[in-house]
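Subject: Structure handover

Hello,

I am passing this structure on to you. Please look through it before reading my notes.

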Amino acid sequence: MKTIKITFILFFILTNSMMVLGQKNPYWQEPKVGQADSLKSWLESTKDDSMKLYINRQLGLYYQERNRFIAFDYFNAQLELARKLNQKVWEAEALSRLGYVSSSSQNYPGALNYLLAARKIASDPDASLNLCKISLLTDDGDANSARMTVLLEIINHLGILNNFVGNYEKAIDYYEEASELNKIRQDEVTASLLHMNKGEAYVGLGKYDLAKTELEQALSEAQSSGYNLYTGLIYWDIGRIYETEGNFEEAEKYYKLSITTNIDIDSPDFLGMGYLALAELYKKTSSLDSSYHLAHKALSTYRAMSDSLGMINAHSTLASLFDARSQIDSAYYYMKEGATLNSAMNKDERVKEFQVLGLNEQLKLNELETEKVLLQSRIRIYGLTAGIGVFFLISILTYKNNIRQKKDKTIIENSYAKLKSTQSQLIQQEKLASLGQLTAGIAHEIKNPLNFVNNFSELSSELIDEAFEELEKLGSSEEKEEIIAILQDVKGNLTKVHEHGTRANGIVTSMLQHSRGGDGKMEPTDLNALLKEYVNLSFHGMRAGKNPIDVDIILDLDPEIKEVPLIKEDFTRVIINLCNNAFDACAERSRSACAERSRSARGNSKTEDRRPETEESQNNEANYLPKLMVKSTLREDKVMITIEDNGPGFPEEIKDKILQPFFTTKKGTEGTGLGLSITNDIIKAHGGELEAQSEPGNTVFRIMLPV
């Protein structure tokens, strides 16, 4: 548990601190400099594969523009985990990142393979099914939005790849396609990146006015969205345009802005580009010392991040600087180093391989389109043939149906009549079943007082017989005769009472036997439905009784609870007994509250002498509202039923006695002391436990049953 808490806190701290970049969409939240070590420690400690998936992605983003070889390893780990967990969107996202890193490293064929595979996955709407960690990919929690965000980034990366190999118009086509999709998604960061990349493509085409417009729009949207990772690159692109136009002053200004911005956001790749651009500019203006200093800074930066392309450019700049200084040996050294690196990368061969792959892909798409057209034509022909056949078949069937229509009509009318009859029978059976359930609760309460009526009428009759015997011992008188006549009338009445009471007792016994039914076997029972039904039955039984009260009933039933093995006819007695006890307790406190309100209304003059505590207690009683709460909760392999009332409660000293037979807290002849005892026996027979807890103003009974 401690490890889980620490993991949660660490995740909260990291994700909140990453809100600096891309504040709205979590897809753009990238780690800052101080967070990489924490993420690495977390990656080693966590056992959650889905969390490892996310951490590998974040570490890949961190190294994406710092050390592409390290970034590649993290994105590759993300890809393996995504495939292991069958997370298609995360798989497409990993492939997209691998494609971007590969294209930045001039591995153009590999980049194209990654990106085409990524697009195929992300283009399928079913890829978003069962997507985990949705909130880490999109700001609206919608799985399809997450898929669309990844698809937009894949298309953007395809444009970047084509831009790197000089296919500027094809790159712009990809950016336009992504822009159209983003009109639906409306992601500010994506819009900023697309404007920036489109501006770079226009620079490649020599369309500088269009390029400036796109780059200025990209800069505005980057500042608006808070995603500033590529702001230094945008400044570099604008400076490059001014340098091409011969405006060296503006070019120097934007190159310096690029350098300071990339230092602030710790983006070494674009920082090296800024150093080299400014070094080349100073070389043109004959500031060779400054140029040499900046070129060395660029070379150191690219060496630190193992960027071969950057090192080639830095070596080339240094070679030209030493050549300008007539330092032939040094110039030759840097030229040779650059040539060695360039040969190792073999950019031209990779571009050719990329073009072959792209051509093959286009041919494949053309073949698929041709097959699609042929398939549609075949489908139309088959459809027409099938339509003619269906029309002919319908004609035959219509003729036969006309013949059978009269017979079918008669059959339907007879079936409808039977259905109505069956429905009436079912309604009547349901009414009878409901009546049986209602009489069960009422008959249970009538049974005890009815026994007392029978027993005491019989006992009283015997006492009258004894009185007759005593009167016989006295002499005759008019008073004696009158007493005998009265006693005879009373005995006759008692005989009638006992006779009708015995008959009523038989009726009640029959009602109880009829309402119980069943064979005493455990059967799967919908517990929540049973609680609703018999709580309601107990309430209406109380309302039909001698002292009805209004009770606020609260049902809090766990929907996860399905069927529980119960002896239904027995367990209903548990519900009714506990609810009846609760209603009795509420009624007792309600009578006390009524009495208190009556005393308050009379305005007893002794009120002024009462203590503050007593006044508060009396006010609470005067405002008393009876409440009953019935709650069911699923706990692993058990179900807990809680029946709670706000009656007066019972003292702590009798807690151990209330479940004993014949022990009752009710006054006089109101209770038998068997209800809770029987309830406890029934619960034990179900393999459960009954627990009672009480304090002034509150009583809780908890039933634990095995599922």
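Predicted model: local features only at pLDDT ≥ 70, side-chain atom pairs only at ≥ 80, totals over all residues.

Residues are numbered from 1 along each chain as its sequence is written, and side-chain values use heavy atoms, with hydrogens and water left out.

On the surface, a patch of negative charge is formed by E458, E462, E466, E469, E472 and E481. A patch takes residues with over 30% relative accessible area and no salt bridge, with like charges joined within 9 Å. A salt bridge here is a side-chain nitrogen of Lys or Arg within 4 Å of a carboxyl oxygen of Asp or Glu. Helix α17 (residues 347-472) contributes the most to the negative patch, five residues; helices are DSSP runs of H or I with at least four residues, numbered from the N terminus. E458 lies in helix α17 and is partly exposed at 39% relative accessible area. Buried means under 20%, exposed over 50% and partly exposed in between, with a 1.4 Å probe and protein chains only.

K253 sits in helix α12 (residues 248-265) and is partly exposed, at 43%. Between K253 and Y235 there are 9.1 Å in space, C-alpha to C-alpha, and 18 residues in sequence.

T231 belongs to helix α11 (residues 231-244) and is buried, with 8% relative accessibility. Leaving aside residues up to four places away in sequence, T231 touches L219, A222 and T261, where contact means heavy atoms within 4.5 Å.

Regards

Key:
Patch = residues over 30% accessible without salt bridge, like charges linked within 9 Å, V, L, I, M, F, W, Y side chains within 5 Å. Areas by Shrake-Rupley, 256 points an atom, 1.4 Å probe, with all protein chains shown as cover. Lys, Arg positive; Asp, Glu negative; His and termini not counted. Charge placed at Lys NZ, Arg CZ, Asp CG, Glu CD. Helix = DSSP H or I, 4+ residues; strand = E, 2+ residues; numbered from the N terminus.
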